[in-house]
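Look at the structure first, then read the points below.

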Amino acid sequence: MTGRLYGVGVGPGDPELTTLKAARLIGAADVIAYHSGVGKESNARRIAADLIPHGLIEENLVYPVTTGLPDHPGGYAGAMAEFYEASSERLAVHLEAGRTVVLLAEGDPLFYGSFMYMHDRLSDRFRTEIVPGVPSFAAATASVATPLVRQTDVLTILPGTLPESELARRLADTQGAIIMKLGRTFPRVRSALEQAGRLDHAMYVERASMPEQRWLPVRDVDPETVPYFSLIVVPGDSVADTPGGRRSATGLPRSASLPRCGDGPAELTVVGLGPGPAAWLTPEAAAVLAGVDHVVGYAPYVDRVPQRIGLSRHASGNTVEVDRARFALDLALAGEQVAVVSGGDAGVFGMAAAVFEAAEDPAYAGVPIRVVPGISAVQAVAARAGAPIGGDFAVMSLSDRLKGWPVIERRLRAIAEADLVLAIYNPASRSRTTQVAEAQKLLLEVRSADTPVVVGRDIGRAGESLTVTTLAELEADTIDMKCLLIVGARGTRVSTSGRVWTARSVG
């Protein structure tokens, strides 16, 4: 009978934070295993030292490299994969012999730990159990004695190895945060905190719960002294979610308590970000985003705006467009410089219409509104395909959230009978799975089966794809919200090279 593998978390450093279950299993093990750096003591073993019986079999799994570029054809990743494979086989020998193996993990076994790689390789072959441990960030938070998150605060745990711009964006978009993996990454982590406006309350904690523990404000840390075993605690700003706070059900602060800035309303700018790539953001849009104090929008679009010092980001869901617009108008009314962002062009199924709808309220009569155009998704897909909208064309959304399906059917039929090229936005979603097939059937009643159809998916982004097919052969069940369809007209042609174009006149 084979043995059993235990992944045992021994906590962040203080032996008294090791759980009773972990202590019991360590004392009953046949084999104790742990990871360590070259020429270094294993932190996990040091924590559990007093619990390990004398004479027990020990397996010290020494990393071949911790940082830098090893002399391995597969680089760092290749060297580590080979190491984990060899380490798992060392443990497998004991398990096949029927021994109980306890693999020690500093903190928690499944939190940025090496046990996970052993689990990947051994759990399918041997009985495996995981014993959780106190993670380092819990000890660090306790050491600074500052509430981390409460009520509806969101906690985000970030590795300091992320690009600086990505760190800044994520820090600006969360309430509480923990930043791990510091060391050489500390200077850019500090810069990201400053860009996100989170530096003032960020606390640096080194070797949490260990005898040499220390903590101080991030502002006061000498970057040259930061070890790998350190992290940053960014307490959540829960004021907005406490009784009497300012946050509404939409996730946006309540406008009634916004402070007034300046002598009168500021201009509200609605910005089209384009379909995705930074190169498709217009210089005018980039200049607006570089100058405003607030960015308001649907979360994935707000995520595309680089974080910088002084910028406040206000992200919300996909079905609160008018609430979002009112919030932005309230900011502008209070004298704040604000941009409302949309993907593609803000005037094409975007936030521009929602802003003007909300601005019908006489309370916003004094707020000037400017719309900055962006490259639309239909333009991007058409350009990838060739020139399918080179002649007359129509644009429709298949979403029935704001209009009924009978209205969509009537408009589809009218476009088909008018022989217009048709661009279809929002063709399908998780809750709308049949509308593409229904539209296809309706169009085939009027259009020929060999009408060219272009399917663009995530155009301009990583993994983009472009498919040219026909109306009859369109696979409706493969279409989702990431797609935009262009259905040709009588004058639409597919060249021998596969490019799609529509004549400017129909003979």
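At what angle do helix H6 and helix H7 pack, and how far apart are their axes? H6 (residues 164-172) and H7 (residues 186-195) pack at an angle of about 40 degrees, with axes 8 Å apart. This is a predicted model, in which local features need pLDDT of at least 70, side-chain atom pairs count only at pLDDT 80 or more, and totals for chains, interfaces and linings use all residues. Residues are numbered from 1 along each chain as its sequence is written, and side-chain values use heavy atoms, leaving out hydrogens and water.

**Terms for helices and strands**
- Helices (H or I, at least four residues) and strands (E, at least two) are DSSP runs, numbered from the N terminus.
- Axes are lines fitted to C-alpha atoms, for helices over the stretch in contact, and angles run from 0 to 180 degrees between N-to-C directions.

- The angle makes H6 oblique to H7 (under 35 degrees is roughly parallel, over 145 roughly antiparallel, 65 to 115 roughly perpendicular, the rest oblique).
- In H6, Glu164, Leu167, Ala168 and Leu171 contact (heavy atoms within 4.5 Å) residues of H7, including Arg188, Val189 and Leu193.

**The sheet**
- An open sheet of 5 strands has the order S6-S7-S10-S8-S9, with mixed pairing (two strands pair if DSSP finds at least two bridges between them).
- The edge strands, S6 (155-159) and S9 (214-217), each pair on one side only.
- S7 (residues 176-180) and S10 (residues 230-234) run antiparallel and are joined by 3 bridges.
- Ile178 stands opposite Val233 in S10.

**Helix on sheet**
- H7 lies across S7, S8 and S10, at about 5 degrees to S10.
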